[in-house]
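Work through the exercises below with the sequence and the model in view. Try each task before reading its solution.

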Number of protein chains: 2
Amino acid sequence: MTEQAKLHGFFRSSATYRVKIALALKGLTFEYLSYSLRNKEQLAPAFLALNPQGLVPALEINGAVLTQSLAICEYLDELHPTPALLPNSVFARAKVRAAAYAIACDVHPVQNLKILNRLRALGQGDDVVDIWARTTIEEGLAAYEKLIPAEVGPFSFGATPSLADICLIPQLANARRFGVDLSATRIRTIEAACLALKPFAPIPDSP
Amino acid sequence: MTEQAKLHGFFRSSATYRVKIALALKGLTFEYLSYSLRNKEQLAPAFLALNPQGLVPALEINGAVLTQSLAICEYLDELHPTPALLPNSVFARAKVRAAAYAIACDVHPVQNLKILNRLRALGQGDDVVDIWARTTIEEGLAAYEKLIPAEVGPFSFGATPSLADICLIPQLANARRFGVDLSATRIRTIEAACLALKPFAPIPDSP
């Protein structure tokens, strides 16, 4: 635990942002190293040596390299149980994970840069690609609101931020980029509660 | 624990198949109720009452309804620790989860029926849609092989099946449907080890 963790990622990557939030919520310090997805730096040998999958983020921690943002969040939660990212009850944990996966499995992979670029390569115009992304996010956030308890707050699952919030907040940055209207949603109040906490601050663009 | 679990799903749904494997590995009996995705039965009121997200599967168990296949698998593993779907060491757990998510987040959502139908609605022909699915699966399975330990077996992470195998095997059914050549891969030997176990048997099509 003496060695400083290194987060290898990209500021616009939702998955990198998730890990950044989890590290910060746990009070762990880390060095951040940027790999521009625009320049495909995640496919350069230096990064592939860390993660052969060629996807950000990768986290160097405790002498090992971990990948997949949700696996990293669970790792951090198991190793540093306080503050907890998941509740104690087995049933409640399943509910928080289900909301997190509704973003991480059903929304994010369908509207990330790689997929949108594949649509463009098939000859789809920017307007169609934007609608694809916006529709995916709108449907996903509507589903998310149904998966969290009604009228409890200020976070998705009560008084403290959870794995669900860690997935939600980075997705909202994408939502805004594609013009999703969040004004009438409960999600907006959850976002405000999260962004009032320093660990949820976005990763700044690298100079 | 006296009440019988009810698995609501569809035989061709990878996510339903994952939960079926996990229930069977844990030795839990369950009733299976089929909702045809071809007929959009997952969007009918009877199913939306179980899962407002309108996605199979939903699992009725212990007086509650759970959704999201990976959340259900973690729930079953926490409630019934033997046989374990995740190893004991925190680091090893992160590695197994990373491989599972490489399928469940990076492959399956990008090539499921819903997304392929959206591509068709954009005017893409069946040949383009098939290539989309096949390429996604090929890239994902190649990544999966890099995320599992080399030359240990017979399962993805050693001598017993794990959450990673639970995600892999249903994906292979899709791989075959789209003509992915698995003959030279280590995945094929993992598949053989899994399919030799009764819990990994596919869900039969409903009559």
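A residue is buried if its relative accessible area is under 20%, exposed if over 50%, and partly exposed in between (1.4 Å probe, protein chains only). The model is predicted: local features need pLDDT of at least 70, side-chain atom pairs count only at pLDDT 80 or more, and totals for chains, interfaces and linings use all residues. Residues are numbered from 1 along each chain as its sequence is written, chains are lettered from A and ligands numbered from 1 in the order in which they are written, and side-chain values use heavy atoms, with hydrogens and water left out.

**Exercise 1.** Decide whether A:Phe11 is buried or exposed.

Solution. The relative accessibility of A:Phe11 is 16%. The limit for buried is under 20%, so A:Phe11 counts as buried.

**Exercise 2.** Classify the aromatic pair of A:Phe10 and A:Phe11.

Solution. Rings of Phe, Tyr and Trp (its six-membered ring) pair if their centres lie within 6.5 Å; planes under 30 degrees apart are stacked, over 60 edge-to-face, the rest tilted.

**Exercise 3.** Classify the pair of A:Tyr101 and B:Tyr101.

Solution. The ring centres are 6.2 Å apart and the planes stand at 55°, so this pair is tilted. The pair crosses between chains A and B. Both A:Tyr101 and B:Tyr101 are buried.

**Exercise 4.** Is A:Lys198 buried or exposed?

Solution. A:Lys198 has a relative accessible area of 74%. Exposed means over 50%, so A:Lys198 is exposed.

Conventions. Helices (H or I, at least four residues) and strands (E, at least two) are DSSP runs, numbered from the N terminus.
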